[in-house]
Amino acid sequence: MLLPAEIESKTLIPALRAILAKKLAEDHNIREDEISKMLGVTQAAISNYIRGTRGDPSLIAKLLAEEQVAIMINELSDSLSSDMAYTPSSLSKFIGLCNYIKSSLLICEIHHNLESNIDEQVCKECENMLLKGPGSVY
């Protein structure tokens, strides 16, 4: 069974980086090497994100279809492009975006796509923890 943090690191963050890389390149005309510095990954990773060979295309489409997620991604993209750097503000926006995806239980849909045989009791307990938010204890 995958933990929410594993889902976040293995699928969600790469999908968000792919969306941001593409937006920064296409909407803001920022070079791949500059984007790599902003997102803290290699230029080769940015190239893969932009070409669509990294980051799950169906997850990317799902995330962009969620209105609040799309708004938050646009704000983060605009922030990164205006500062041309990863700032405390953009870090806060990225963390807020990930937390929103967890607390709105969108991450549960991602999880169910990855693992179809999740025990329902375990699933409900995980949902309860996600709804309590970061830092909650059992």
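**Helix packing, core and salt bridges**

Visitor: Which helices are included in what covers the buried residues of H2?
Guide: Helices here are DSSP runs of H or I with at least four residues, numbered from the N terminus. Buried means under 20% relative accessible area, exposed over 50%, and partly exposed in between, with a 1.4 Å probe and protein chains only. Contact means heavy atoms within 4.5 Å. The cover over the buried residues of H2 includes helices H1 (4–26), H3 (43–51) and H5 (67–83).

Visitor: What kind of model is this?
Guide: Residues are numbered from 1 along each chain as its sequence is written, and side-chain values use heavy atoms, with hydrogens and water left out. Local features need pLDDT of at least 70, side-chain atom pairs count only at pLDDT 80 or more, and totals for chains, interfaces and linings use all residues, since this is a predicted model.

Visitor: Within what arc do the buried residues of H2 fall, seen down its axis?
Guide: Helix H2 spans residues 32–39, and its buried residues are Ile35, Ser36, Met38 and Leu39. They line one face of the helix, because their directions, seen down the axis of H2, fall within an arc of 160 degrees. The arc is taken over directions from the helix axis to the C-beta atoms. The value is 160 degrees.

Visitor: Which residue follows H2, with a positive phi?
Guide: The phi of this residue is near 70 degrees. The residue is glycine 40.

Visitor: Which residues does leucine 16 touch, not counting residues up to four places away in sequence?
Guide: Leucine 16 is among the core residues that touch the most other members. Its partners are Leu63, Ile73, Phe94, Leu97, Cys98 and Ile101.

Visitor: Is isoleucine 60 buried or exposed?
Guide: Isoleucine 60 lies in helix H4 (residues 57–65). Leaving aside neighbours within four places in sequence, its contacts are Ala15, Ala18, Ile19 and Gly55. With a relative accessible area of 18%, isoleucine 60 is buried.

Visitor: What is the relative accessibility of serine 90?
Guide: Serine 90 is in helix H6 and, beyond four places in sequence, touches Leu76, Ser79, Leu80 and Ala85. Serine 90 counts as buried because its relative accessibility is 0%.

Visitor: How many salt bridges does a search of the whole structure find?
Guide: A salt bridge is a side-chain nitrogen of Lys or Arg within 4 Å of a carboxyl oxygen of Asp or Glu. One of them joins lysine 23 and aspartate 27 at 3.3 Å, N to O, and this lysine 23 is buried at 17%. The search finds seven.

Visitor: Which residues do salt bridges that share partners join into one network?
Guide: Lysine 124 and glutamate 127, both in helix H8 and three residues apart, form a salt bridge at 3.5 Å. Lysine 124 is partly exposed at 43%, whereas glutamate 127 is buried at 17%. The network joins Arg31, Asp33 and Glu34.

Definitions and conventions: Helices (H or I, at least four residues) and strands (E, at least two) are DSSP runs, numbered from the N terminus. A nonpolar core is a set of buried Ala, Val, Leu, Ile, Met, Phe, Trp, Tyr and Cys residues joined through side-chain atoms within 4.5 Å.
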